[in-house]
Amino acid sequence: MSDERVRKAEALKKAKEDFLANNKTNSTTFFVEDKNQVSVTYRQTDLPELPAIHIRRCCDSTFTIAPETTLVKVLFEGCKNCKIILEKCVISTATMEMWRSDNCEVTVDCFLGTFQVDLCKETSIKYTEAKHLGTLVQAGMHDLRVSFLDDAFPEFHTGVKQLREEHGEVDEEAGQFITRVFEGKLLTEPIIRLLNDFPTTLREKAEFDSAAQKKAEAMEKLARDMLKDTSLSSHRGEQGGAGGGGGGGGG
């Protein structure tokens, strides 16, 4: 792996660690592991207090989170040929992460502010309503299909191949892209990192830089106007003083 790819991979790892740290809660992880050919529904009574469900290393199975069940977050790792259905449940952090899983399907019937998918193949994400999409962040995805069952937006097909066709060179593992609704349309943009490692996009950076420039220009104009007013006031004061001195001499 080249130095540049190593750097990007380390940056992605750090971003994930920072994300987890920022979303750290007093949750209790509920592991669902090594299940094969099962269909299970989890309700609140099946789970510990403040549950963060972590489904991993499962095959050919379906996992449903029942309506009105409250979770802290959902983690989905290393699964094959599985389905997970978030059925009108509540995820308090609005966060789900999915990685290194193949030929899996996720049905989202609740709001996910951040859905991060990394290093998966043949993945289908189905939002029952477009309003459930906050942000979808991907890295190293192959054959990702995203659809909306309310037909708010057409299905779109994305992943490393498609992103390279649109954006040029994309790092196989560390190149991150974010999808969200912007001005009524779905927009997928590459994520860049500022000098302080803050994640953003070129569009947002340009908007921020433009707003900062306008603010700086407005402040500069205000300072010039204040100096001008001060200069005028001083000049008028000098004129008034000169006039007053002349009147006194005439008396």
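Is Cys79 buried or exposed? Cys79 counts as buried, at 1% relative accessibility. Buried means under 20% relative accessible area, exposed means over 50%, and partly exposed lies in between, with a 1.4 Å probe and protein chains only.

This is a predicted model, where local features need pLDDT of at least 70, side-chain atom pairs count only at pLDDT 80 or more, and totals for chains, interfaces and linings use all residues. Residues are numbered from 1 along each chain as its sequence is written, and side-chain values use heavy atoms, with hydrogens and water left out.

Stay with the cysteines. A disulfide is a covalent bond between the sulfur atoms of two cysteines. Here the test is a pair of cysteine sulfur atoms within 2.5 Å. The count is zero disulfides. For Cys79, the nearest cysteine sulfur belongs to Cys58, 4.6 Å away, and Cys79 is in no disulfide. Cys82 is in no disulfide either; its nearest cysteine sulfur is that of Cys79, at 4.8 Å. Cys82 is buried, with a relative accessible area of 1%.

Now the aromatic rings. A pair of aromatic rings is described by the distance of the centres and the angle of the planes. Rings of Phe, Tyr and Trp (its six-membered ring) pair if their centres lie within 6.5 Å; planes under 30 degrees apart count as stacked, over 60 as edge-to-face, and the rest as tilted. The whole structure holds three aromatic pairs. One of them joins Tyr127 and Phe148, stacked at 5.5 Å centre to centre with 15° between the planes. This pair links distant parts of the chain, 21 residues apart: Tyr127 sits in strand β12 (residues 121-127) and Phe148 in strand β14 (residues 142-148). Strands are DSSP runs of E, at least two residues long, and are numbered from the N terminus. Tyr127 is buried, at a relative accessible area of 0%. Phe148 counts as buried too, at 4%. Phe148 also pairs with Phe153, edge-to-face, at 5.4 Å centre to centre and 70° between the planes. Both Phe148 and Phe153 are buried. Tyr127, Phe148 and Phe153 form one aromatic cluster.

Last, a polar residue. Gln116 lies in strand β11 (residues 112-118). Gln116 is buried, with a relative accessible area of 7%. Its side chain makes a polar contact of 3.2 Å with that of Asp118. Such a contact is a pair of N or O atoms within 3.5 Å; within protein, one must be able to donate a hydrogen and the other to accept it, and residues adjacent in sequence count only if both atoms are side-chain atoms. Leaving out residues up to four places away in sequence, Gln116 touches Met96, Glu97, Met98, Val137 and Gln176, where contact means heavy atoms within 4.5 Å.

Methods:
Helix = DSSP H or I, 4+ residues; strand = E, 2+ residues; numbered from the N terminus.
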